[in-house]
Amino acid sequence: MDTLILGAVAYDPKVVTIWEGFKQHFVERELPFDFVLYSNYERQVEGQLAGEVHVAWNSPLAWIEAERAARARGRKAAALAMRDTDRDLTSVVVVRADAPIRTLSDLARTTVAVGASDSPQATLIPLLAIAEAGLKPGADFRVLGHDLLVGKHGDHIGGEREAARALIAGKADAACMIDGNHLAFTREGTLPAGSTRILAQTAPYDHCNFTVLEGVPAPQLIRFTELLLAMSYDDPSVRALLDMEGLKRWLPGRVDGYAQLNRAVDLFGTLDAWLMRAGRE
Amino acid sequence: MIDVPRIELGALGLDRGAHLLLKRALRQIPVGAPLHVFGSHEELAVHLRAWCRAEGHEIELFPGGQGLGPIARIVRSSAETGRWKGAEAAGAPDRTLPGGVVDKPPARWGLAARGAKVEAGSPAFDFPLADKDVVWADEAAALYAQAAAAQWDPATAVDWSAPITHPPEIEDAVVQVMTFLVENETAALIVPASFLAKIHPHFREVLQLLAIQAADEARHIECFTRRALLVRKDMGLSTVGGQESLKTLLEEPDFALAFFLLSVLGEGSFLSLLWFLHENASDPVTRQVCCLAAQDEARHVAFGLAHLRRHMGLDQGLRPRLAAAVERRHDALRNTDGLNEEVFDALVLLAAGSWELDDLGKGHDRVVALREDMDRGRRQRLEKLGFPADEAEALSALHTRNFM
């Protein structure tokens with residue numbers, strides 16, 4: 001069996017530990033496996049299109065990039081698997097508790113703090129929600145971005161925390177973040193108890209997936225998926241890896257949770273330049 | 001219709017501790033069973049979704065349920081029970097219970113408190129001294145308790161302002177003896193401290209005892225240094241022979257052999273020296289610090305004897321190894337001077353207390369008597385460990401002339 005090669009983005013040093021751990025787990029179970037780390041998702045998607053990796057651990061935006069770029073080449077992309085924690089996420093738009101803002105349309109002529117420009121959860125999806133309520137970002141309200149680690153699609157929590165701090169500091173009238181980070185920020189005091197209120201919550205959406213393009217050897221993919229889905233949180237040899245990657249169990253991939261992000265990308269033209277460039281290469 | 005268990009969170013949010021109530025309620029139902037959540041916190045629904053996702057629980061939210069019906073239905077996941085599957089008890093806190101202190105604690109118990117439930121998959125620690133036969137002494141707990149109760153504060157336990165009236169050259173002798181004591185006590189600190197880091201923490205009482213033993217020596221070093229500098233600005237001399245002797249102690253890698261050489265023979269001899277100084281020094285500060293140090297050293301000797309006695313009872317091969325260690329050390333030090341002239345002369349002068357001929361003669365006799373006392377003490381302790389009298393006598397004679 002040929003070696004299955006996986007691509008992942010090194011958004012944090014722990015990524016090395018995680019994939020070294022998974023590699024050992026797979027190799028011990030007779031799946032020849034190796035991985036390649038990229039510094040950003042665009043490089044990873046391009047690498048996968050060029051055949052450098054068989055499977056890519058993709059952010060939701062990278063999934064859309066891969067899916068659209070593959071389609072432009074007459075190829076098909078599929079999502080093999082995802083974490084239990086990748087399903088049914090929501091983002092929230094938060095305002096100060098005493099602000100006279102009651103609906104999303106009240107955000108007209110205000111400043112809305114968001115995360116990195118390529119963050120689905122802290123920028124694209126919440127801005128879509130505001131746009132679908134009738135306000136055009138940048139025209140009807142000001143967008144205050146926090147471009148920490150662009151290319152890593154908001155995997156780093158820093159951009160969202162900066163957005164929350166901007167709200168508390170009065171530099172913004174609203175801040176956008178994923179629901180789990182809202183809980184984390186209220187617990188840690190970044191958003192002091194009682195100082196803010198949730199103005200709106202987006203519809204649920206999905207996050208990362210293992211993306212595969214057609215034409216990859218099937219036996220390796222089947223074994224890879226089997227081994228992933230068989231990983232049990234009861235097993236102490238994999239529990240630390242699952243904890244680091246932030247999941248309790250792997251689930252089969254699904255792609256119907258990316259509709260909001262697809263609409264956002266279309267509306268804001270987020271990927272136009274990249275797709276044009278990727279199409280030329 | 002089956003009643004679904006419920007938890008009422010009131011106005012408490014997950015940002016301020018409501019997760020504790022949720023966890024407690026979920027632990028009371030089987031994995032896969034549902035729980036209805038009630039609560040009025042404004043952000044509860046948003047946070048419940050995020051919290052359940054992170055914890056692995058399934059959740060169904062009921063829009064508009066707030067205040068009336070349940071806000072959500074949670075199905076308990078197996079993640080928490082899974083985490084503790086295969087966990088094991090690391091012995092028991094009570095050392096007297098059968099299995100409380102096990103013979104060979106596994107490396108994966110690591111730093112866990114004795115008696116704690118240890119999650120499977122814990123990392124293996126490298127504690128090379130993980131054999132009860134080698135390190136344990138039933139007396140360790142009592143000796144530790146005694147030591148903890150007997151800790152004294154150098155700042156207040158010694159009357160540092162007591163007058164020093166002896167002639168300047170007697171003071172020089174005191175400074176030289178103090179310099180010698182500091183050097184030896186430093187070895188007596190480092191040896192237990194270095195083994196302490198190698199002993200499996202399962203043997204908690206031994207760890208505690210060695211830690212407090214090291215702390216005792218730290219205080220002794222402080223007091224002897226302070227006494228040396230009470231009148232003079234400089235410390236005394238440190239000799240090659242003295243350091244050679246102590247170096248062999250620090251280089252002994254075997255726990256039993258190191259404590260045999262250090263505690264039974266070395267600190268045992270030191271006990272005689274400290275009591276000698278307590279009785280013969282002409283100034284009250286020296287007498288006081290030596291008395292306090294001697295009380296601590298007696299405990300150190302007691303532990304050495306206790307764990308070696310136990311170890312020798314379990315391992316018939318240990319006695320010849322102990323004897324061989326003394327011989328080996330003697331051979332290693334064969335070409336060194338032993339106790340340096342400076343320390344010997346200083347002890348004579350200190351015991352004499354003056355330059356009067358009579359006093360000097362008496363001082364010399366007292367130091368000779370001290371050596372005999374040290375030899376007698378070593379032989380007694382060796383016999384307590386089970387060495388026959390003739391072997392004890394021979395081994396005692398081979399002990400380093402440097403005392404420690």
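Chains are lettered from A and ligands numbered from 1 in the order in which they are written, and residues are numbered from 1 along each chain as its sequence is written. Because the model is predicted, local features need pLDDT of at least 70 and side-chain atom pairs count only at pLDDT 80 or more, while totals for chains, interfaces and linings use all residues.

**View 1. Where chain B meets chain A.** Here 21 residues from chain B and 22 residues from chain A make the contact; two residues are in contact if their C-beta atoms, placed from the backbone, lie within 7 Å. On the chain B side, helix 2 (44-55) and helix 3 (79-83) each supply at least two residues. Helix 2 of chain B gives the most, with seven residues. Helices (H or I, at least four residues) and strands (E, at least two) are DSSP runs, numbered from the N terminus. Sorted by class, the side of chain B that touches chain A has seven nonpolar, six polar and eight charged residues. In this sorting, Ala, Val, Leu, Ile, Met, Phe, Trp, Tyr, Cys and Pro count as nonpolar, Asp, Glu, Lys and Arg as charged, and the others, Gly among them, as polar.

**View 2. Helix 6 of chain A and its cover.** Eight of the 10 residues of helix 6 (residues 179-188) of chain A are buried, so this helix is largely enclosed by the rest of the structure. A residue is buried if 20 or more other C-beta atoms lie within 10 Å of its own, exposed if 12 or fewer, and partly exposed in between, with C-beta atoms placed from the backbone. The buried residues include H182(A), L183(A) and F185(A). What covers them includes strand 6 (91-96), helix 5 (158-168) and strand 9 (174-178) of chain A, together with helix 2 of chain B. Just after helix 6 of chain A comes G189(A), with a positive phi of about 95 degrees.

**View 3. Helix 13 of chain B among its neighbours.** Buried residues of helix 13 (residues 341-352) of chain B include V343(B), A346(B) and L350(B). Among the elements covering the buried residues are helix 7 (168-196), helix 10 (255-280) and helix 14 (357-384) of chain B.

**View 4. L261(A) and its surroundings.** L261(A) sits in helix 9 (residues 259-268) of chain A. L261(A) is buried, with 23 other C-beta atoms within 10 Å. Setting aside neighbours within four places in sequence, L261(A) is in contact with P60(A), L61(A), I64(A), P120(A), L124(A), I125(A) and Y205(A). The C-alpha atoms of L261(A) and D206(A) are separated by 9.3 Å, though these residues are 55 residues apart along the chain.

View 5. Most residues other than glycine have a negative phi. E30(A), not a glycine, has a positive phi of about 65 degrees, and its place is in the loop between helix 1 (14-28) and strand 2 (33-38) of chain A. E30(A) is exposed, with 10 other C-beta atoms within 10 Å. D88(A), also not a glycine, has a positive phi of about 60 degrees. You will find D88(A) in the loop between strand 5 (81-83) and strand 6 of chain A. D88(A) is partly exposed, with 17 other C-beta atoms within 10 Å.

Terms used. The expected span of a helix is 1.5 Å times one less than its number of residues.
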